[in-house]
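I opened this notebook to keep track of what I looked up, one topic at a time. The entries follow the order in which I went through the model.

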Amino acid sequence: MTAVPLELRDLTVAFGGNVVLKDVSIAFGNGFNGLIGPNGAGKTTCFNVVSGYVRPSGGEVELFGEPLRERSQARVAGHGIGRTFQSPRLVLDLTVLENTLLGLHQRYRSGHLRELLGLGGARREEREGRERARELLNAFGLGARAEDLAGNLPLGSQKLVEVARALMAAPKVVLLDEPAAGLGATDVDVMLRGLSAIVDEGSLCVVIIEHDLQLVMDLCPFLAVLHNGAIIASGAPADVVANPTVVEAYLGASVAADV
Ligand SMILES: Nc1ncnc2c1ncn2[C@@H]1O[C@H](COP(=O)(O)OP(=O)(O)O)[C@@H](O)[C@H]1O
Ligand SMILES: [Mg+2]
């Protein structure tokens, strides 16, 4: 049996006395997984723990059956985890291509960005990196914007660049925090097509936080619902949205009737 790409085991997180995740246990397989739940439920905190930004007070994160003990951000990226942020975090005075290339570097300080980009190691690696970045930008409809400054792109396009950057280091697990929020319908389409093509290419576990229920139900064969820091349901989308606890906690009767 192949190991589960990403598993959270009894994960507990407290900020001061405020417990925001309580014994969260959930496993995410290859393909698209949806993580849904009301604002403040603890969704982003889950991502922050997995990607090394927040240290849990209890529990484990396992990647392919191995506990992620060293939780520094650099080590986590080295373990094959990519992520995007709820608000895009691009370097606005670098180009779209340069921002995408930064996905190859696990850690960078803003003063050294250009230097870092010029130091892509061997020439061949640098060229391959640029080719990969261009392929990804093409996949997300941004090929023509590669040389534009990231700051000159509309928010929707910036979010697409973040997705491309998260995929740059050929991760095994990608965490996307509300990638579709703030995007117009066309950009959402482009993003989903780009992601689906990459998921179809090989084995990649994508966990996507998303409030558009129709979108996640269409995209994800597996959904998990967080509410007040606890997983209240998980499984096939149709079962999850029909779950009375989910309806009461998150959806409300009218929404459940619509989908
Ligand atoms: N770094 C932090 N310090 C203190 N409280 C935090 C921090 N990050 C998140 N929280 C709190 O944890 C709870 C869950 O937040 P979050 O994970 O961002 O929820 P979601 O992404 O589901 O909307 C919220 O009450 C939030 O205020
Ligand atoms: Mg959030």
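Entry 1, serine 51. I began with a side-chain pair, and found that serine 51 and arginine 83 are joined through their side chains by a polar contact of 2.9 Å. As this is a predicted model, I kept in mind that side-chain atom pairs count only at pLDDT 80 or more. The side chain of serine 51 also comes to 2.7 Å from the backbone oxygen of phenylalanine 47. I placed serine 51 in the loop between α1 and β4 (58-63). Is serine 51 buried or exposed? Its relative accessible area is 6%, and because buried means under 20%, I noted serine 51 as buried.

The buried residues in α1 are Lys43, Thr45, Cys46, Phe47, Asn48, Val49 and Val50. Threonine 44, by contrast, counts as partly exposed, because its relative accessibility is 25%. After α1 I checked the backbone and found glycine 52, which has a positive phi near 85°.

Which residues surround ligand 1? I listed Phe15, Val20, Pro38, Asn39, Gly40, Ala41, Gly42, Lys43, Thr44 and Thr45. By class, this shell holds four nonpolar residues, five polar ones and one charged one. Helix α1 (residues 43-50) gives the most to the shell, contributing three residues. I then looked up individual distances to oxygen atoms of the ligand: a polar side-chain atom of lysine 43 lies at 2.8 Å, an N or O atom in the side chain of threonine 44 at 2.9 Å, and a backbone N or O atom of alanine 41 at 3.2 Å. Taken alone, ligand 1 exposes 560 Å², of which the protein buries 59%.

Glutamine 86 counts as partly exposed, because its relative accessibility is 37%.

Entry 5, strand β3 and its partners. I moved on to strand β3 (residues 31-36), where six of the six residues are buried, so the strand is largely enclosed by the rest of the structure. With strand β8 (residues 205-209), β3 runs parallel over five bridges, and glycine 34 has isoleucine 208 as its bridge partner in β8. With strand β9 (residues 222-227), β3 also pairs in the parallel sense, here over four bridges. I noted two of the pairs with β9: leucine 35 with alanine 224, and isoleucine 36 opposite valine 225.

Finally I followed β9 to strand β10 (residues 230-235), to which it is joined by five bridges in the antiparallel sense, with leucine 223 paired to glycine 235 in β10. These two strands form a hairpin with two residues between them, and in the turn asparagine 228 has a positive phi of about 50°.

Technical notes: Residues are numbered from 1 along each chain as its sequence is written. Chains are lettered from A and ligands numbered from 1 in the order in which they are written. This is a predicted model: local features need pLDDT of at least 70, side-chain atom pairs count only at pLDDT 80 or more; totals for chains, interfaces and linings use all residues. Side-chain values use heavy atoms; hydrogens and water are left out. A residue is near a molecule or strand if one of its heavy atoms lies within 4 Å of it. A polar contact is a pair of N or O atoms within 3.5 Å; within protein, one must be able to donate a hydrogen and the other to accept it, and residues adjacent in sequence count only if both atoms are side-chain atoms. Accessible areas come from the Shrake-Rupley method with a 1.4 Å probe; for residues, only the protein chains shown count as cover. Ala, Val, Leu, Ile, Met, Phe, Trp, Tyr, Cys and Pro count as nonpolar, Asp, Glu, Lys and Arg as charged, and the others, Gly among them, as polar. Buried means under 20% relative accessible area, exposed over 50%, partly exposed in between (1.4 Å probe, protein chains only). Two strands pair if DSSP finds at least two bridges between them.
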